[in-house]
Amino acid sequence: MKDIEHRAYVGGEWIATASRFDVMDPASGARLAEVSDADAALARQAVDAAHDALPSWRSRTAHERASILRRIRALHAEREDELATLLTREQGKPLAEARAEIRYAAGFYEWFAEEGLRAYGETIPSPFPGHRVLTFRQPVGVGAAITPWNFPSAMIARKLAPALAVGCTFVLKPSELTPLSALAIAQLCEDAGVPKGVVNVVPTSDAARVGEVLTADSRVRALSFTGSTAVGKQLYAACAGTVKKLALELGGNAPFLVFDDADLDAAVDGLMVAKLRNGGQTCVAANRILVQRAVHDAFCEKLASKLAQVRVGPGLEEGVTLGPMIDARAIAKIEAHVEDARDQGAKVVLGGKSLGGSFYAPTLITGVTSQMQMANAETFGPVAGILTFDTEEEGVALANDTPAGLAAYFYARDVGRVFRVAEALEVGMVGAGTGLISTPVAPFGGVKESGLGREGSKHGLEEWTELKYVCVGP
Ligand code: SIN
């Protein structure tokens, strides 16, 4: 791979700005790179470029666009080592997980290369004699994306791939904590033959100044955001003025229910994934572990023994299974949640302490209640807080007792219960007997305050297209 780019990518040019900002290695705390710092003018230039590139990109055939997406996918495979290493260096996750993320990201280009070929319209039997009623799926136009640091490659792919597939052009503002993977993606797009101006990347240390441009400009017709609920609500309001199409993938507070008929070993294995993937820093991370009283002690014993085997360290070190948290703020939030639980009488069975720098020990806490901070907000760390319940109804009611509604998990063997609980959970995604639900083929998204819209799957095209109805008279 060419040297990793540190410059913004606008209109097919690499642009060095006068000011730059630091990107840190979360494992060592050392400076990794200095990256171009886009201001509002550069963000506007990116929208200009995307707007100018739109007519020619949307008029290409879906097949031409698909073949470029396939090249982007192939470049992910060819450059997997470099991309994964870069991802670990700027984000911290263990290298094996970074590789898994690069494959996950590549999967979106592969999937949407195919789905773009199936952006079908319809013919509808007309009620008017001699008329034809038709629908077309057309690209929404210039699209913008604001993406998070926890999956610096896959969260871009989940937006960029469908946008490109249907003929939208794209302006991306990546997280200021992980802009290098975003710039590597711009490089892949350039090398794969994406025309100038179709993809633009504007890293910035000031999310608000670029966000204001992207939300206020009426030429930007769609905005897709993955991140916190608080910022999602601000963007929702900011897009009202230009009535943009919005996809919001916001925070969760995922319950993980273990019923008394569950296979406890399988449930522990599932929880290890749902809790510890990316160190617990995912919006679908199991945040409230609800265990039916009869199996509580056996489950906690098995879980403690698995958590004790987790190896903490820098993500590039062989054998490490839990990397650093993203930064000091993340550690402070975890510490606050654990302190609050301790103060309110919960018992720290394992861990419960910072290990220096951005590392936090895998932690098991029992006796958590719904009043505690960790039951009401995402801890975003390797902390398993256990609550108990007695009946199925109580478990489901506790699970639903939150304004968030992104993901939920549960383990049970009774088939009737499996369907009852899956249907009763107020979330967009359910893992029934599994702790891993993320895949390009399935619709990712939430209900309640966890967001709007779905990404991935055939439904992911809808975020980037408008349905047009044409009535042809006799
Ligand atoms: C997220 O945490 O925002 C998404 C994680 C995933 O795709 O699994």
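**Pockets of the predicted model**

By class, 13 nonpolar, four polar and seven charged residues line the second largest pocket. Ala, Val, Leu, Ile, Met, Phe, Trp, Tyr, Cys and Pro count as nonpolar, Asp, Glu, Lys and Arg as charged, and the others, Gly among them, as polar. The model is predicted: local features need pLDDT of at least 70, side-chain atom pairs count only at pLDDT 80 or more, and totals for chains, interfaces and linings use all residues. Residues are numbered from 1 along each chain as its sequence is written, and side-chain values use heavy atoms, without hydrogens and water.

The second largest pocket holds about 430 Å³ of space. Pro 94, Ala 96, Glu 97, Ala 100 and Thr 321 are the closest to its centre among 24 lining residues. Helix H4 supplies the largest share of this lining, seven residues. Because domain 1 (8–250 + 448–472) and domain 2 (254–432) both contribute lining residues, the second largest pocket lies between them. Domain bounds come from an automatic or database domain assignment.

The largest pocket has a volume of about 1,300 Å³. Its lining comprises 42 residues; Trp 149, Gly 227, Ser 228, Val 231 and Arg 329 lie nearest the centre. Helix H8 (229–238) gives the most, six residues. The lining divides into 18 nonpolar, 16 polar and eight charged residues. A pocket is an open set of points on a 1 Å grid over the protein atoms alone, where a 1.4 Å probe fits, with protein on both sides within 12 Å along at least five of seven lines; lining residues have an atom within 4 Å of a point. Volume is the space filled by probe spheres set on the points, which are joined across faces, edges and corners. Helices (H or I, at least four residues) are DSSP runs, numbered from the N terminus.

Key. Helices (H or I, at least four residues) and strands (E, at least two) are DSSP runs, numbered from the N terminus.
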